[in-house]
Amino acid sequence: MKLAIAFGLVLSLLAISSAAERFDFFYFVQQWPGSFCDTSRGCCFPDTGKPAADFGIHGLWPNYAKCHGGDDDGLARRAVLGDDSAAAFLSGSAGRVGRRGRCWPQYCDDENALSPWAIRDLVSSLSRSWPTLSCKSGDSVEFWSYEWKKHGTCSNLEPHEYFARALALKAKHNLTEILAAAGIVPSGSETYSLSSISDAIAQGTGHTANLECNRDTDGQTQLYQVYQCVDKEAKQLIDCPLHMRSKCGDDQVNLPLF
């Protein structure tokens, strides 16, 4: 009897282990709303109104420290930066990638849709800190549901934990305040060096981060997103194990008004 119980316990542990997604760290990605909006595609405000001039959460994404697979290094780097066209190409690349991708797991449980009821006490904070700027829909719940379905289902966290920990990370390490303390503030004329931005974030948080840029309607380079790296419990920042191609090109970048 004892042997049967022990055997059953081992099987249960194996089942739990096999169900858990394996990844190395999270990217905690925040975007500057002025840079999202000041592009050729523009933006639309959510139903709750214009968000504050503050870095907003884009997502909390499980990631591998090394992209899986071998050949398409350039595409893999683009995929790490969230290039959907690269990710789509990789997903169909000779069957070598599969639904888990190369650089991150995704869509790990299509049946596990986000229930707004599960995060009902977080909605007010999420609306402030994780607003949608997409013109596809002004409903931020749709944005959160998409992020949960694509990334959250691979996080080994329950929905409430997933969103609450993202909010806690943002509150603990406020990028807008950290950059402002270093004299890096939104401006219609000033530019800032990437090194000064990186140094300010490292000094303010104690850890390095990766930066991503885009271009405004005049073709000027602007700081778009900050990728902070987080441990597998989504609780503590860590130094990023991957160095991402920044898409910045120029050393001097704008932080546009919003």
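Student: How far does helix α7 reach from its first C-alpha to its last?

Tutor: This is a predicted model, and the reply refers to that model. Helix α7 covers residues 159–172, which are 14 residues. At 1.5 Å a residue the expected span is 20 Å, and the helix comes close to this expectation. From first C-alpha to last, α7 reaches 20 Å.

Student: Which elements cover the buried residues of α7?

Tutor: The buried residues in α7 are P159, Y162, F163, R165, A166, L167, L169 and K170. Their cover includes the helices α5 (123–129) and α6 (140–150). It also includes the strands β1, β2 (56–63), β5 (221–230) and β6 (237–238).

Student: What is the angle between the ring planes of W32 and F55, and which parts does the pair tie together?

Tutor: The model holds 11 aromatic pairs. W32 and F55 form one that is tilted, with 5.1 Å centre to centre and 55° between the planes. Because W32 lies in the loop between β1 and α2 (33–37) and F55 in the loop between α2 and β2, the pair ties together parts that are 23 residues apart in sequence. The angle is thus 55°, and the parts are the β1–α2 loop and the α2–β2 loop.

Student: How is the aromatic pair of Y162 and F163 arranged?

Tutor: Y162 is buried, with a relative accessible area of 0%, and F163 is likewise buried at 0%. Their ring centres are 5.0 Å apart and the planes make an angle of 85°. An angle over 60 degrees defines the class, so the pair is edge-to-face.

Student: Is Q30 buried or exposed, and which side chain does its own join in a polar contact of 3.1 Å?

Tutor: Q30 is placed in strand β1 (residues 25–31). Its relative accessible area is 1%, under the 20% cut-off, so Q30 is buried. Beyond its neighbours within four places in sequence, Q30 is in contact with several residues, including F55, K170 and Y224. The polar contact of 3.1 Å joins its side chain to that of Q228.

Student: Which residue's side chain is joined to that of Y227 by a polar contact of 2.8 Å?

Tutor: Y227 is found in strand β5 and counts as buried at 0% relative accessibility. Together with F25, Y27 and W61, Y227 forms one aromatic cluster. The polar contact of 2.8 Å joins the side chain of Y227 to that of E212.

Student: Over which ring does the charged end of R120 sit?

Tutor: Two such arrangements can be described. K50 lies over the face of F258, at 4.7 Å from the ring centre. The charged end of R120 is 3.9 Å from the centre of its ring, which belongs to W117.

Terms used
Residues numbered from 1 in each chain as written. Predicted model: local features only at pLDDT ≥ 70, side-chain atom pairs only at ≥ 80, totals over all residues. Heavy atoms only, no water. Helix = DSSP H or I, 4+ residues; strand = E, 2+ residues; numbered from the N terminus. Buried < 20%, exposed > 50% of the residue type's maximum accessible area, 1.4 Å probe, protein only. Polar contact = N/O pair within 3.5 Å; in protein donor to acceptor, adjacent residues only side chain to side chain. Contact = heavy atoms within 4.5 Å. Expected span 1.5 Å × (residues − 1). Phe/Tyr/Trp six-rings, centres within 6.5 Å; stacked < 30°, edge-to-face > 60°. Lys NZ or Arg CZ within 6 Å of the ring centre and 35° of its normal.
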